[in-house]
Amino acid sequence: MIIVYVVVALLVLGAIAFFFTRKPEQLPASVEPKEKKPEDAKPAKKTSDRPEAKPEGKPEGKPDGKKEKKEPREDKADKPKKADAPKAEPAPTAAKPEAPEKKVAETKPEPAVARQEPPTPAAAEPAKPSEPPKPAHDTKKESVAALKKGLAETRGGFIARLAQLFGRKKEIDPGLLDEMQAVLITADLGPRATDRMLARLRERLDRHELADEDSVWKALADDARAILGPQAGPLALAKPGPTVILVVGVNGVGKTTTIGKLASRYRDEGKKVVLAAGDTFRAAAVVQLEFWGKRVGCPVVKGKERADPGSVIFDAIKTAKETGADVVLADTAGRLHTKSNLMEEIKKVARTAEKALERPVDHVLLVLDATTGQNAIQQAQIFKEAIPVTGIVLTKLDGTAKGGVVLGIVDEHGVPVRFVGIGERVEDLREFDPDTFVSALFEKPEQPAA
């Protein structure tokens, strides 16, 4: 047992000896970083990048002595403590490289000041003064010019013939008025409008008010304005519910195209529009109306082929009420005005629309083709007898030499012309302004150049 205790004691003593012999070697490694870390922390306050430079100084023990030699030199300049001198030495050397870096960093944000230059596009404002030099156009003159272009065929027709007639006769006499009568009738003014205008011309001639050609042109324009009356103005829209506009007419006059252009006009005014494909007997009409619906951005209510037109319009009005739409444009089947059974059917459509609306239809627009002349006046008479026509849309006015039909329709039936079509574009469907129309139609042609 004694031997065992002796062995254990020797082992303990050996372990203790081994521990003490290893400890002095570990102490420098463990203690030095502890002492240097706080020293490193102090310069870290002065210089952020200093800890990277000190690891190089660890293996160099003697250089520390060299630094101590340099300390007295620093004492002469700054006179700090010897302990602080070695710490101060790296600070200035490290601060010197860092200072330019800070200056560079300060110069970099300076371009941000340059970014403030973009506000100088205020210099673009001088471009605005360039706008005034543009000539200001008179809107009425532009309207007259555009309408005159659309009425080129008419002006080249009976207006040109009147100009030739005035050119042949230097004196204004009753014989000249008789020749004018034939020209006006061939222009489809109709016998009633022609007689009315000639009667007024004879009265002026008796009062010696028709001294020359210019006075005759002015008298014709004044009489035309008297027949057409004042401008009817835009279609009134119903405030409580949707405004229902029933569009009627024979096949081929341009009903569906007129509906599409009207829808575009109302959409541009910010109105919600619903289209009713009431022409169920012609598949092409439904397809055409759907095309306009997509183009303008309006929903189209349609039924099955050969469905009852009244039921389609009824559904369209109900849809407009549910969705809060402002306008319902209802297409109807084209029908010959000479067929009494077809005219009875359109009466039924109007009654169905009134039932859905719970009041009479707001507007019934009759679409007429200006190229049909006197036939258009007859159509207006038959449709007017079947349903209460509130306005007329005269299409294809740009394709006829008989634009005088406008005067004939208004004079015969007393129904205002609401719109005229003078081209294929959407904007070519224009609100009818009697004054502008007369100015464009009866302006004296420039013939003296010949």
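How many cavities of 30 Å³ or more does the count come to? The count comes to 1 cavity, and about 30 Å³ of space lies in this largest cavity. The structure is a predicted model, in which local features need pLDDT of at least 70 and side-chain atom pairs count only at pLDDT 80 or more, while totals for chains, interfaces and linings use all residues. Residues are numbered from 1 along each chain as its sequence is written, and side-chain values use heavy atoms, with hydrogens and water left out.

**Cavity and pocket**

- Both kinds of space are found on a 1 Å grid over the protein atoms alone: a cavity is a set of points where a 1.4 Å probe fits but cannot get out, and a pocket is an open set with protein on both sides within 12 Å along at least five of seven lines.
- Lining residues have an atom within 4 Å of a point, and a volume is the space filled by probe spheres set on the grid points, which are joined across faces, edges and corners.
- The lining of the largest cavity consists of Gln231, Gly233, Pro234, Leu235, Arg418, Phe419, Glu431 and Phe432.
- These lining residues divide into 4 nonpolar, 2 polar and 2 charged, where Ala, Val, Leu, Ile, Met, Phe, Trp, Tyr, Cys and Pro count as nonpolar, Asp, Glu, Lys and Arg as charged, and the others, Gly among them, as polar.
- The second largest pocket holds about 310 Å³ of space.
- A total of 18 residues line the second largest pocket, and Val253, Gly254, Thr257, Thr395 and Lys396 lie nearest its centre.
- Helix H11 (residues 255-268) supplies the largest share of this lining, 5 residues; helices (H or I, at least four residues) and strands (E, at least two) are DSSP runs, numbered from the N terminus.
- By class, the lining of the second largest pocket has 9 polar, 6 charged and 3 nonpolar residues.

**Salt bridges**

- Side chains of opposite charge can pair when their charged atoms come close.
- The structure holds 18 salt bridges, each being a side-chain nitrogen of Lys or Arg within 4 Å of a carboxyl oxygen of Asp or Glu.
- One of them joins Asp223 and Arg204, at 3.1 Å from N to O.
- This pair links distant parts of the chain, with Asp223 in helix H10 (residues 213-228) and Arg204 in helix H9 (residues 191-206), 19 residues apart.
- Asp223 and Arg204 are both buried, where buried means under 20% relative accessible area, exposed over 50%, and partly exposed in between (1.4 Å probe, protein chains only).
- Another salt bridge joins Lys396 and Asp369, at 3.5 Å from N to O.
- Lys396 lies in the loop between strand E6 (391-395) and helix H16 (405-413) and Asp369 in strand E5 (residues 363-369), so this pair ties together parts that are 27 residues apart in sequence.
- Asp369 counts as buried at 9% relative accessibility, whereas Lys396 is partly exposed at 34%.
- Arg425 and Asp428 form a salt bridge with their closest N and O atoms 3.1 Å apart, and Asp428 is buried, with a relative accessible area of 7%.
- A network of salt bridges links Lys218, Asp222, Arg225 and Asp435.

**Backbone angles**

- Most residues other than glycine have a negative phi.
- Lys396 has a positive phi of about 60° although it is not a glycine.
- Glu358 also has a positive phi, near 65°.
- Glu358 lies in the loop between helix H14 (340-357) and E5, and counts as exposed at 67% relative accessibility.

**Contacts between separate parts of the chain**

- Tyr266 lies in helix H11 and counts as buried at 5% relative accessibility.
- The C-alpha atoms of Tyr266 and Val327 are separated by 8.1 Å, although the two are 61 residues apart along the chain.
- Asp326 lies in the loop between helix H13 (309-323) and strand E4 (327-331), and is partly exposed, with a relative accessible area of 30%.
- Asp326 and Val274 are 8.2 Å apart in space, C-alpha to C-alpha, and 52 residues apart in sequence.
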